Each structure stands twice: as C-alpha cells, then as structure tokens.
Amino acid sequence: MWLYLAVLVGLYYLLRWYRERQVVSHLQDKFVFITGCDSGFGNLLARQLDLRGLKVLATCLTEQGAEQLNSQTSDRLETVILDVTKTESIAAAAEWVKEHVGDRGLWGLVNNAGICTPMAPNEWLTKQDFVKMLDVNLLGMIEVTLSLLPLVRKARGRVVNVSSVMGRVSLFGGGYCMSKYGVEAFSDSLRRELSYFGVKVAMIEPGYFMTNMTSPEVFNGSLQASWDQASPEIKELYGEKFVADFMKTSNLLKPSWSGNLSLMTNCMEHALTSCHPRTRYSAGWDAKFFYLPVSYMPTFLVDLMMYWGAPRPAKAL
C-alpha cells in the first residue's frame, strides 16, 4: 500500500514539474506592468524580465529611482512615476499603459509596491499608522488592479499580487499583517471571478528578505518612533527592556539566504511566463518550512509559541 502511495505521489510531482516547465509563447510581444520598481523585488524583476525580452512598463515613486532603473536596462523598458495612494496618479499611469499596449492589452500586472513599517504592538500605534499601511499595501493595490483589469482581460493575461507569509499567520501587531490578509482575500475572490475570462491570478508569499524596507536600521528606527509616541501608561506597562528585546527579533528573522532576492523574483517570473502558474508561491526556505506549516497549526499552539517565544512586557501577569 505504501509503495503504491509513494508511486502516486511521485507521479503527481513529476506531472506538476512537467506542466510548470511549459512556457508561454511569444513573450517578446507581451507587456508587463510592475509597481514599486525603485528598489528591491520590483527593481530586480524589471531587470530580469527585460533581459528575457519582455516589454516592461515599470513604475517608480521617485524620478531618481526611474533614472537609475533606465540606466541599467534596455530601451524596451519604460518607466513612469506612480504613487499608489493617489487616485489621480493611478489614473494617469493607467492611461499611459493604455497608450503603450494598444489593442494587444496588458499581459502581466505585478502589484509589488508596498511598505512594512510601522510594525509594533497595536496599542503603541495610532489609527493613522494603520491607515497609511492599508492605503499602500491594500487599497492602492486594489485601485491599480481595477484600473488596469480591462487591459489584462483583453490579453487574457496574469495578475501577480505580492502578499506575505504574514498574510497567513499574524505574528506582529500593526497594519502590515492586516493588509496582507486583505491581499489574500482580494486575490482569492479576483482569481475566481476572472477565471471565466481566461485571466490567471497568483499570489507570492515571501518569507524574510533583506531589502531597503526590511533592514534592521529601518525596522528598529520605526519601532523606536512608535515607542516614543506611546503614552506614559503604555511605556510603564511594557518597559524599555521590551523595546530592546523586540529589536533583537529583526536580527533573528534574518536567514542566510535573505539577500538572495532572486528566490522571490523567480517565483514572480514563473507566475508570468509559465503556461500553468501556481495559485500561491512560497518564496524562501523560511516561508516553506516554518511560516507555512505554522499557518496550518492549531491556533492555541501558535498562541503558545508566541507567548513563550516573544518578548514579554515588564508588567505581564
């Protein structure tokens, strides 16, 4: 019996390997729109797809980011300034894309733009801290998607949304996990709706990677700012030692492969170029072998892990 089961499992993975190796034809004729290309995943993906011959339409938040990307790529790649929190900026970018793709439509939409701070205990934060995070990571992504869906539908293309392992298991306070849970929900509903039109929707769920946004300096600076704005009552409850211990977690989260961003962008590229993309991609070994299994564990076990493993407030019971 076990032999038959092993054979079936082996055949399943062999078939999946074969299907996932099939590549979409005429990639050189396809347009891909990527948000958040100043640095990090978006920047690397834009360069990666440009080398592969796709027509990349990359958005940057700053002129400096756009100029730097243009200097590193071919003439095929074009850039535009986009702030995903501003409706007028999104409308202008959508019109710009429409002029470029014409009747061919937009093959790929990659919603990569995002922020990850402030990330701190919830009661250290204000409503505006949550609003800022949701505006960029969720509401901006939704508005960009809705603005470009007609062009993606015309090409029967792909929507690739960058989520996170924190969209599966919420281990930190603040708006980041909330926003990524929202990305997961939006992507699931969108995938089912667009399946009738031949459009595929994929989510990328990375673990910890070292980018400009996730460096210990940025994380610790944001945490310190959140602590500084907390009320005297909160500071008395948590204590300075909690802040120091919490900062140490940023170093513990940094695995040896965290600088290899291609582990992430290879998943994004596969979602755009494979004939049979996956619904979800777990990027990074920590995502595959820690965060993903933890997300399937009973809630009480995860709560116990956090209770005993996370920093403790000074006046915890």
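These legends accompany close-up views of a predicted model.

View 1. Start here to get your bearings: 7 strands form an open sheet, with parallel pairing, in the order S3-S2-S1-S4-S5-S6-S7. Strands S3 and S7 (280–283) sit at the edges, each pairing on one side only. From one strand to the next, the twist averages 15°.

**View 2. Strand S1 and its covered faces.** Strand S1 covers residues 31–34, and both of its faces are covered. Look for buried Phe31 and Phe33 on one side, with Val32 and Ile34, also buried, on the other. S1 runs parallel to S2, and 4 bridges join the two. Within that pairing, Phe31 has Lys55 of S2 as its bridge partner.

**View 3. Strands S2 and S3 side by side.** Strand S2 takes in residues 55–60 and strand S3 residues 78–81. The two strands run parallel and are joined by 4 bridges. To follow the pairing by eye, find Ala58, which stands opposite Thr79 in S3. Helix H4 (residues 87–101) lies across S1, S2 and S3, and runs at about 160° to S3.

View 4. Helix H3 spans residues 63–71, and its buried residues are Gly65, Ala66 and Leu69. Seen down the axis of H3, these buried residues fall within an arc of 100°, so they line one face of the helix. What does the face turned away from the buried side of H3 carry? There you will find the exposed residues Glu63, Gln64, Glu67 and Ser71. On the buried side, the packing partners are helix H2 (40–52) and the strands S2 and S3.

**View 5. Helix H11 and the place of Pro293.** Helix H11 (residues 285–296) lies across strand S6 (200–206) and S7, running at about 110° to S7. Pro293 has its place in this helix.

**View 6. The largest pocket.** This pocket has a volume of about 990 Å³. It is lined by 43 residues, and the closest to its centre are Gly114, Ile115, Cys116, Thr211 and Met213. Elements giving two or more residues to the lining are H2, S2 and helix H6 (175–194). H2 provides the largest share, with 3 residues.

**View 7. The largest cavity.** How many cavities of 30 Å³ or more does a search of the whole structure find? The search finds 2, and the largest has a volume of about 40 Å³. Its lining is made up of Thr35, Val84, Asn111, Asn112, Ala113, Val136, Gly140, Met141 and Val144. Helix H5 (residues 127–155) gives the most to this lining, with 4 residues.

Terms used. Residues numbered from 1 in each chain as written. Predicted model: local features only at pLDDT ≥ 70, side-chain atom pairs only at ≥ 80, totals over all residues. Heavy atoms only, no water. Buried < 20%, exposed > 50% of the residue type's maximum accessible area, 1.4 Å probe, protein only. Arc of directions from axis to C-beta. Contact = heavy atoms within 4.5 Å. Pairing = 2+ DSSP bridges. Axes fitted to C-alpha atoms, helices over the stretch in contact; angles between N-to-C directions. 1 Å grid on protein atoms, 1.4 Å probe; cavity = no way out; pocket = protein on both sides within 12 Å on 5 of 7 lines; lining within 4 Å. Points joined across faces, edges and corners; volume = space filled by probe spheres on them.
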